[in-house]
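Reader: I would like to go through this entry with you. Could we begin with the overall fold and then turn to the metal site?

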Amino acid sequence: MRELSRRQALRLGGAFGLLTGTAALSTAAALSRRPAVTGAELRSAVPLPPPFRVPLPLPRVLPPVAPGRYEITQRVAEVEILPGIRTPMWTYDGTFPGPTIESRRGRPITVTHRNELAVPTVVHLHGGRTPADSDGYPTDLVLPAGWTAEHHAMPDPRAVRTHLTRSYTFPLDQRPALLWYHDHRMDFTAPALWRGLAGLHIVRDDAEEALGLPSGARELPLLIADRAFAADGSLDYPSLDGTLRERPGVRESFLGGVLGDVLLVNGAPWPVQEVDAARYRLRILNASNARHYELEAVTDDGRQLPLVQIGADQGLLAAPVTQATLPIGPAERYDVVVDFADVPVGGRVRLLNRLGSGRTAEVMAFRVARRARDDSRVPAVLSTDLPAWDRPVRVRDFSFRAGQLDHGRGWVIDGRPFDPARTDVTVALGDVEVWRLVADVHHPVHLHLAGFRVLSRGGRPPLPHDAGLKDTVSLRPGEAAEIITRFDGYRGRYLFHCHNAEHEDRGMMANLEIT
Ligand code: C2O
Ligand code: CU
Ligand code: CU
């Protein structure tokens, strides 16, 4: 295993931000200390609001235009993120996050996106089991009005481009889960996400609803993301080309990832949510470009409330797992039940981030407003349909590391930067495989289409939060992990990549052909 040399690490400059010395990259001893941060933080140039004043917004649930048919317009909108400040964002239907789509397992839907932005876009349903032609391949672009040929010369003969609109069809033949949709344009995913192109999609089914978990007003989606603001209220981001038209990339010191100093939940800074003294189901997504969090719920008298994990990226666990804290990397999701019953009325529970410092150590708060009756439960058995794969037909190894691109430093998988015209891995439909993934710094590795289970980390059994079916596994510096999956569902061209969005844009993505 080749480590990053100290010089390389230094050349990445601020890329490793708070990283203290390259020893932290690989030694097991370092892993037991506070994990390093991969990325560099932007400082906002506006005064930041005090925490826990802005009420938690809930994204609007998108009504269908006809049964199973939805329409979303991608457009610039001025949004109030910080109180009293207007921030222009790139939005799905004018809000950040975009509207939430609620769907039922096995009932296909079609979502027609209209691109009224000034650049090409493409939408991916993250965690969806989607046929390749609707999976949002990074070169399957929807071109905006007035986009001329010279702007979209990309070396991909298989790309399917459309003008102004595109309809994506999702069979949703999959376990109920919190999915999310976001932009996936080649080389420009990170700035597009940062500007606001992200929304939630919740798949439900009767079996899950019959469990009696907290629901209705006691089920809260929490999309967590960090941002930074310029003096004029716009989002700050270190793009080399702020128009995002031709030249991709970020300033050298941000190659490791872009972090903001403002933590948003559902688009509000450090919000507060009034709750009953009862159980709540929190459906948490880390939609940040590069920031990792380690979440804990703490009462004002310093007591940690247990986080009862009931689900992972790809839906319910077999049985609940009680966690004290939950680490969450970019694109990961947790389904968690928190019980506020023992918190006195008027008391507060803060959701904290143990990986943050100063303002980034706090995420949001819950204020217990009243005692209330609670008929919800967390059954000891949550699901019985988790796949029990064994006997892989193949084991493959992939390294995720810093590396050289044609035009400078970047990130590579097995030494190679992303090329849409190259097939990196060919798998046969229905095959079970084990993939061994190894990282230099933090890399949250995501597979399209295929949910997987984590078999091991660092040669040891997986960690408690690795439970269940995942689609993103957060590798820590120097760590190797083994995952097992079965490639079934659909044939065609899919992707796997690092979900640190700056890494993804700078080479760390590969093609997976299912035949
Ligand atoms: Cu959430 Cu290929 O991405
Ligand atoms: Cu995905
Ligand atoms: Cu990465």
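Author: A definition comes first: the radius of gyration is taken over C-alpha atoms, and the globule rule is 2.2 Å times the number of residues to the power 0.38. Please also note that this is a predicted model.

Reader: What radius of gyration does the protein have, and what would a compact globule have?

Author: The protein has 21 Å; a compact globule of 515 residues would have a radius of gyration near 24 Å, so the two agree. Along the principal axes, the C-alpha atoms fill a box of roughly 60 × 55 × 55 Å.

Reader: How many helices and strands?

Author: There are five helices and 35 strands.

Reader: And what share of the residues is buried?

Author: Buried residues account for 62% of the 515. Among contacts with a separation of 6 or more, 76% join residues 24 or more positions apart.

Reader: Now the metal. Which residues coordinate the copper ion (ligand 3)?

Author: His443 (ND1), Cys498 (SG) and His503 (ND1) coordinate the copper ion (ligand 3), at 2.0 to 2.1 Å.

Reader: How are those donor residues spaced in sequence?

Author: The spacing is H-x54-C-x4-H.

Reader: Are Cys498 and His503 buried or exposed?

Author: Both Cys498 and His503 are buried.

Methods:
Residues are numbered from 1 along each chain as its sequence is written. Chains are lettered from A and ligands numbered from 1 in the order in which they are written. This is a predicted model: local features need pLDDT of at least 70, side-chain atom pairs count only at pLDDT 80 or more; totals for chains, interfaces and linings use all residues. Side-chain values use heavy atoms; hydrogens and water are left out. Helices (H or I, at least four residues) and strands (E, at least two) are DSSP runs, numbered from the N terminus. Buried means under 20% relative accessible area, exposed over 50%, partly exposed in between (1.4 Å probe, protein chains only). Contact means heavy atoms within 4.5 Å. Donors are N, O and S atoms within 2.8 Å of the metal (3.2 Å for Na, K and Ca); water is not among the atoms, so sites may look incomplete.
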